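Dear colleague,

Please find the structure for your review below. My notes on its elements follow directly after it.

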Amino acid sequence: MREIVLDTETTGLDPYQGHRLVEIGCVELFNRIPTGQTFHRYLNPERDMPAEAFAIHGLSLAFLKDKPCFAELVEEFLRFVGDAPLIMHNAAFDLGFLNAELERCGRPLIARDRMIDTLLLARRKHPAGPNRLDDLCLRYGIDNSRRTKHGALLDAEILAEVYVELTGARQAQLGLTETITVAVIGAQAIVRVRTTPLAPRLSDAERSAHLEFIATLGAHAVWHDYLAHDASDGRAAKSA
């Protein structure tokens with residue numbers, strides 16, 4: 001499933017009081033895993049930059065004055081997000097600004113049912129709070145040391161990690177049990193098992209280096225149990 005984690009920076013708090021977007025950052029997820037595909041643009045707000053907003057994100061009007069306005073990149077933005085669910089922290093804020101810009105361009109608004117609000121997810125999971133993005137990073141051990149000021153792409157990247165933790169997807173990805181794909185058709189289940197095992201990806205040099213490392217851990221290192229198990233499996237396969 002494709003999802004888009006999205007964050008914005010603005011000139012203020014209310015798009016219907018003349019405030020505008022100045023930055024959009026998006027991170028693409030597929031099955032809750034970042035694909036490496038991002039969308040990041042600075043925008044000319046076509047107005048002044050209040051000191052309060054500049055103190056938050058550090059984007060000056062001098063920096064933004066030669067950047068495109070939203071109408072110039074709306075097509076590119078809409079192509080990137082497609083019809084994927086949009087994941088935002090305090091989603092009503094970002095969605096309000098996005099829809100205000102789309103309305104100015106005469107484009108259809110983004111439906112509220114596409115939103116996944118990580119702030120609401122966090123409040124349900126951690127009702128005692130606090131649930132700001134920085135607080136959630138601290139709770140889940142996510143490195144946010146680069147976040148000296150708000151930045152849309154950096155915040156979207158961090159939020160993607162927070163979202164994975166909030167939804168429990170990281171534990172699912174780290175499951176250590178063997179899995180078998182099962183397709184169910186009506187009441188009949190068809191179990192698909194690989195006919196040929198995957199070829200080993202480790203080279204002989206890498207195996208040798210690993211064994212040399214294990215030798216430095218001492219005679220009682222737990223790795224020796226696994227080596228003995230592998231050796232017995234190999235002997236059983238040869239005798240068969």
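Just after helix α6, Gly 141 takes a positive phi of about 70°. Helices (H or I, at least four residues) and strands (E, at least two) are DSSP runs, numbered from the N terminus. This is a predicted model, in which local features need pLDDT of at least 70 and side-chain atom pairs count only at pLDDT 80 or more, while totals for chains, interfaces and linings use all residues. Residues are numbered from 1 along each chain as its sequence is written, and side-chain values use heavy atoms, with hydrogens and water left out.

Helix α6 itself spans residues 133–140, and its buried residues are Leu 133, Asp 135, Leu 136, Cys 137 and Tyr 140. Buried means under 20% relative accessible area, exposed over 50%, and partly exposed in between (1.4 Å probe, protein chains only). The cover over these buried residues of α6 includes α5 (118–125) and α7 (152–166), where contact means heavy atoms within 4.5 Å.

The sheet is open and has five strands in the order β3-β2-β1-β4-β5, with mixed pairing. Two strands pair if DSSP finds at least two bridges between them. At the edges are β3 (33–42) and β5 (115–117), each of which pairs on one side only. On average, neighbouring strands are turned by 25° against each other, direction ignored. Axes here are lines fitted to C-alpha atoms, for helices over the stretch in contact, and angles run from 0 to 180 degrees between N-to-C directions.

Strand β1 is mostly covered, with eight of its nine residues buried. Nine bridges join β1 to β2 in the antiparallel sense, and Leu 6 has Cys 26 in β2 as its bridge partner.

Helix α4 (residues 91–104) lies across β1, β2, β4 and β5, at about 80° to β1.

Finally, Phe 213 belongs to helix α9 (residues 204–215). Phe 213 counts as partly exposed because its relative accessibility is 49%.

Yours sincerely
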